[in-house]
Amino acid sequence: MSRTRLFHTGLRGRMTAALLAVATVATLGTAGCAKSDEPVAAASGPLPTEIQPGTKLVIADQSERLQSALRFSGELDKLPFQVEFANFTGGPAILEAFRAGAADLAPVGDVPPIHALAAGQDVPIIASYRTNPQAMKLAVAPGVPVRTLADLKGRKIAYAEGTAQQAAVLRALDKAGLSTGDVELVRLQLAEFLDAVRTGQVDVAPLLEPNVTRLLRTQGASLIPDSETAGIYPGLAYLYARRDVVNDPAKAGAARALVAAFIRAFHWANTNSDEWERRYYVENQKVSPEDAERIVTSLGQWTFPHLDQKVIDVQQQTIDAIDAAGQLPKKVRAEDGFDLRFDDVITQTVTESGASFGPEVG
């Protein structure tokens, strides 16, 4: 029997308790910090490959996508360690789970690791992956005459700090020659973006699939054309983990194995798109078969760039864009947020599986 184990409600309960504890400490003004905030020296040398019996990773997932890909591809049952999943919406909630020590590793957009660095949390990126850079759309509420980025001036725009959507909005404004003072940034949770734009509570919201497809079911809703929004989203996302996880020999070995399984799982999704559409988007995310096909086509192929200086440079550009808008408490360096030891397993797995590193990042 596989030692891999799925666990949902109990983990969520423990996470809730842990996050409440963090909030209580903050409210009481206690001087101490959670373990994740304390500086931890980075491990050196090659990654361990051995995994001790009883090793477990707690994964903070989003929309159950990672666990679905691992399960459907058969990779989940092959993992030589225990794994538990809990589902989140957005990077800020995941960072709180990291801070509380209630999660070990997570898939995430490009911005949450930046805010983690700025907050003093040591959660290095251990893998990168890329989908179609045009997958991020600027959605427009019904009846709102916004057709170009210049039309954003004076508009209400959904905004969530610490998310890839934050950076997309800032890049869009910069591309249009606008500043944050030229628009009204409406601070919402990511889960609120879709309803806010389709009901007109905001004029514009940055959306990813499947919410783009859900928006387009709303009569009168529209999208700013891709020709206008090109460049506001790099299509990059990451896996990242707490530093003490990648420093622990047993858990570092498990994280290494998970990176390899992740690549193989989403390469399986690339090569079995019909099954991925049906099992994940139709059965799990509850969209129609037609919409599922549209979503998968719009996202394109998953590729897995090297974890190298080129990816670091792109991440630094995102840092610079957020900092220029005055949205970071302090300037940080992208290179401090990576564990480049994982590039060896990325290179090996992409090569052996027939997956792709994708076009050059940058």
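**Group meeting: a walk through one predicted model**

The protein's secondary structure comes to 14 helices and 10 strands. Keep in mind that this is a predicted model. The protein has 362 residues, and buried ones make up 52% of them. Now the contacts. Take those with a separation of 6 or more: 82% of them are between residues 24 or more positions apart.

Let's start with two strands. β1 and β2 run parallel, and 7 bridges join them. Where does isoleucine 59 stand? Opposite phenylalanine 85, which is in β2. Strand β2 covers residues 82–88. Of its 7 residues, 5 are buried, so the rest of the structure largely encloses this strand. A general point about strands: in a regular one, the side chains alternate between the two faces of the sheet.

Next, step back to threonine 55. It is found in the loop between α1, residues 9–28, and β1. Buried or exposed? At 7% relative accessibility, threonine 55 counts as buried, because the cut-off for buried is under 20%. A polar atom of the threonine 55 side chain lies 2.6 Å from the backbone oxygen of glutamine 52. Set aside neighbours within four places in sequence, and threonine 55 is in contact with Phe81, Gln82, Ala250, Lys251 and Ala254.

First, the background. Most residues other than glycine have a negative phi, and most peptide bonds are trans.

Serine 63 is not a glycine, yet its phi is positive, about 55°. Find serine 63 in the loop between β1, residues 56–62, and α2, residues 65–73. Its relative accessibility is 33%, so serine 63 counts as partly exposed.

Lysine 286 also has a positive phi, near 65°, and is a residue other than glycine. Look for lysine 286 in the loop between α11, residues 273–282, and α12, residues 289–299. How accessible is lysine 286? Its relative accessibility is 63%, so it counts as exposed.

Then there is a peptide bond to notice. Glutamate 209 and proline 210 are joined by a cis peptide bond, with omega about 5°. Proline 210 sits in the loop between β8, residues 204–207, and α7, residues 211–215.

On to the largest pocket. About 910 Å³ of space lies in it. Which of its 43 lining residues are the closest to the centre? They are Gln62, Ser63, Gln165, Leu208 and Glu209. Two names come back here. Ser63 is the residue with the positive phi, and Glu209 is one partner in the cis bond. Helix α6, residues 193–198, gives the largest share of the lining, 4 residues. By class, the lining has 23 nonpolar, 13 polar and 7 charged residues.

Last stop: glutamine 315. This residue is in helix α13, residues 309–324. At 3% relative accessibility, glutamine 315 counts as buried. Along the chain, glutamine 315 and valine 111 are 204 residues apart. How far apart are their C-alpha atoms? They are separated by 8.5 Å. Leave aside neighbours within four places in sequence, and glutamine 315 is in contact with Asp110, Pro113, Ile114, Ile125, Tyr238, Ala334 and Phe338.

To recap, with the model open. Find β1 and β2, parallel and joined by 7 bridges. Find the cis bond between glutamate 209 and proline 210. Then find glutamine 315, buried in helix α13. Thanks, everyone.

Note on methods. Residues are numbered from 1 along each chain as its sequence is written. This is a predicted model: local features need pLDDT of at least 70, side-chain atom pairs count only at pLDDT 80 or more; totals for chains, interfaces and linings use all residues. Side-chain values use heavy atoms; hydrogens and water are left out. Buried means under 20% relative accessible area, exposed over 50%, partly exposed in between (1.4 Å probe, protein chains only). A polar contact is a pair of N or O atoms within 3.5 Å; within protein, one must be able to donate a hydrogen and the other to accept it, and residues adjacent in sequence count only if both atoms are side-chain atoms. Contact means heavy atoms within 4.5 Å. On a 1 Å grid over the protein atoms alone, a cavity is a set of points where a 1.4 Å probe fits but cannot get out, and a pocket is an open set with protein on both sides within 12 Å along at least five of seven lines; lining residues have an atom within 4 Å of a point. Grid points are joined across faces, edges and corners, and a volume is the space filled by probe spheres set on the points. Ala, Val, Leu, Ile, Met, Phe, Trp, Tyr, Cys and Pro count as nonpolar, Asp, Glu, Lys and Arg as charged, and the others, Gly among them, as polar. Two strands pair if DSSP finds at least two bridges between them.
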